[in-house]
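Please look over the sequence and the structure shown here before reading the report.

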Amino acid sequence: MGVDRPVAVVTGATGGIGRFIALGLARAGYHLVLICRDRVRAEATRAWIADTTPHSSIDLRIADLSLLSATIEIGGDIAASYSRIALLINNAGVFEAKPVTTAEGFDRVLAVNLLSPFALTRALLPSLIAHAHSRIVNVGSSTSDRARIDPDDLVLGDRWTMMRAYSQSKLALMMITFALAKRLAGTGVTANVAHPGMVATGLVRTGGIIGLAWGCLAAISLTEERGADTPLHAALAPELATVSGAYFKNRGSVLPNRQALNPPLLERVWMATERLVASPESAGQS
Ligand SMILES: NC(=O)c1ccc[n+]([C@@H]2O[C@H](COP(=O)([O-])OP(=O)(O)OC[C@H]3O[C@@H](n4cnc5c(N)ncnc54)[C@H](OP(=O)(O)O)[C@@H]3O)[C@@H](O)[C@H]2O)c1
């Protein structure tokens, strides 16, 4: 598809932080390819961006990113449409109160937060490499700072709790990002992780104590617009053009969980993720 501006692919732009990431990129002059799961919310996002950014240029693609088959298909379609991509922001994420198993047999938190970004990135990699300089920004979470990971046991099974599933998925996302950064050295493509801060969004969709606590935290949380600031900084700041394999909070590079500084462990998490993405039938094994 011939567009006269750099192309940015963004997931999870129909709500929360992602909507403001997309707005910021539209304002910065990018042609946006937004992967959304709901057509109505996708159109509403396009109209919302167009309202404040009259010359915005947006291509909406519809896919449920909890399904690897849908992710791989949409990634292939986008790569076929755009031979050069300047920016990929894997922002879509879920935090579930109870384990939900996808039609492909994966825990939905693992599928959306880890496996889908892995598969989408891989599908778009030729187009990212074809662009002279390009960036991959994966939206992580500071919950990864205290998480523990066993690469032989990414599928939690009976050990599933909402915090363990979420924080492990975000640590794994960070670790595959760092492993990817190493693989991409010399290609002109960077790969980094950005934590948005604690932001009052619809991420926690549950009642009870957890929903109540999340509601109370809203008072001291960042706005969605502020939450988009660090991911946008990682995506746009000229001084970060060649920075790769970093973890950003409040626009600054910070030390990650020590497990993410262990190269053999990074490789094991990469290979475990690759195996899961290649063989959905292993989803239920713990
Ligand atoms: N909020 C925080 O305090 C916080 C802190 C640290 C990290 N984060 C991370 O920031 C990112 C954005 O979260 P948020 O707080 O903005 O959450 P949010 O308001 O719930 O937005 C999540 C976005 O992801 C999309 N999404 C979820 N499941 C999807 C699926 N199966 N297929 C396609 N799209 C899907 C949602 O689409 P729909 O509109 O269709 O639901 C929505 O656009 C996530 O990666 C999250 O883990 C958030």
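This is a predicted model: local features need pLDDT of at least 70, side-chain atom pairs count only at pLDDT 80 or more; totals for chains, interfaces and linings use all residues.

Strands of a sheet pair through backbone hydrogen bonds, in either a parallel or an antiparallel way. Strand β1 (residues 7–11) and strand β4 (residues 87–90) run parallel and are joined by three bridges. For A8, the bridge partner in β4 is L87.

## Helices on the sheet

## Helices α3 and α4

Two packed helices are described by the angle between their axes and by the distance between the axes. Helix α3 (residues 68–81) and helix α4 (residues 108–130) pack at an angle of about 20°, and their axes are 9 Å apart. The two helices α3 and α4 are therefore roughly parallel to each other. Their crossing is right-handed.

On the α3 side, the contact is made by L68, T71, I72, G75, G76, I78 and A79. On the α4 side, the residues are L115, S116, A119, L120, A123, L124, P126 and S127. By class, this contact of α3 with α4 has 10 nonpolar, five polar and no charged residues.

## Helices α4 and α5

Helix α4 also packs with α5: their axes come within 8 Å and cross at roughly 15°. That angle makes α4 roughly parallel to α5. The crossing of α4 with α5 is right-handed.

In α4, the residues V109, L110, N113, L114, P117, F118 and T121 take part in the contact. They meet A165, Y166, S169, K170, A172, L173, I176 and L180 in α5. By class, the contact of α4 with α5 has 11 nonpolar, three polar and one charged residues.

## Helices α5 and α9

Helix α5 packs with helix α9 (residues 263–278) at an angle of about 105°, with their axes 8 Å apart. The helices α5 and α9 are therefore roughly perpendicular to each other.

The residues of α5 in this contact are A172, M175, I176, F178 and A179. Those of α9 are L266, E267, V269, W270 and T273. The contact of α5 with α9 divides into eight nonpolar residues, one polar and one charged.

## Around the ligand

The ligand is surrounded by 27 residues. The closest of them are G12, G16, L65, G93 and T201.

Helix α1 (residues 16–27) gives the most to the shell around the ligand, with three residues. By class, the shell has 11 nonpolar, 12 polar and four charged residues.

Technical notes:
Residues are numbered from 1 along each chain as its sequence is written. A residue is near a molecule or strand if its C-beta atom, placed from the backbone, lies within 6 Å of it. Helices (H or I, at least four residues) and strands (E, at least two) are DSSP runs, numbered from the N terminus. Ala, Val, Leu, Ile, Met, Phe, Trp, Tyr, Cys and Pro count as nonpolar, Asp, Glu, Lys and Arg as charged, and the others, Gly among them, as polar. Two strands pair if DSSP finds at least two bridges between them. Axes are lines fitted to C-alpha atoms, for helices over the stretch in contact, and angles run from 0 to 180 degrees between N-to-C directions. Angles under 35 degrees count as roughly parallel, over 145 as roughly antiparallel, 65 to 115 as roughly perpendicular and the rest as oblique. A crossing is left-handed if the near helix is turned anticlockwise from the far one by less than a right angle, and right-handed if clockwise. Two residues are in contact if their C-beta atoms, placed from the backbone, lie within 7 Å.
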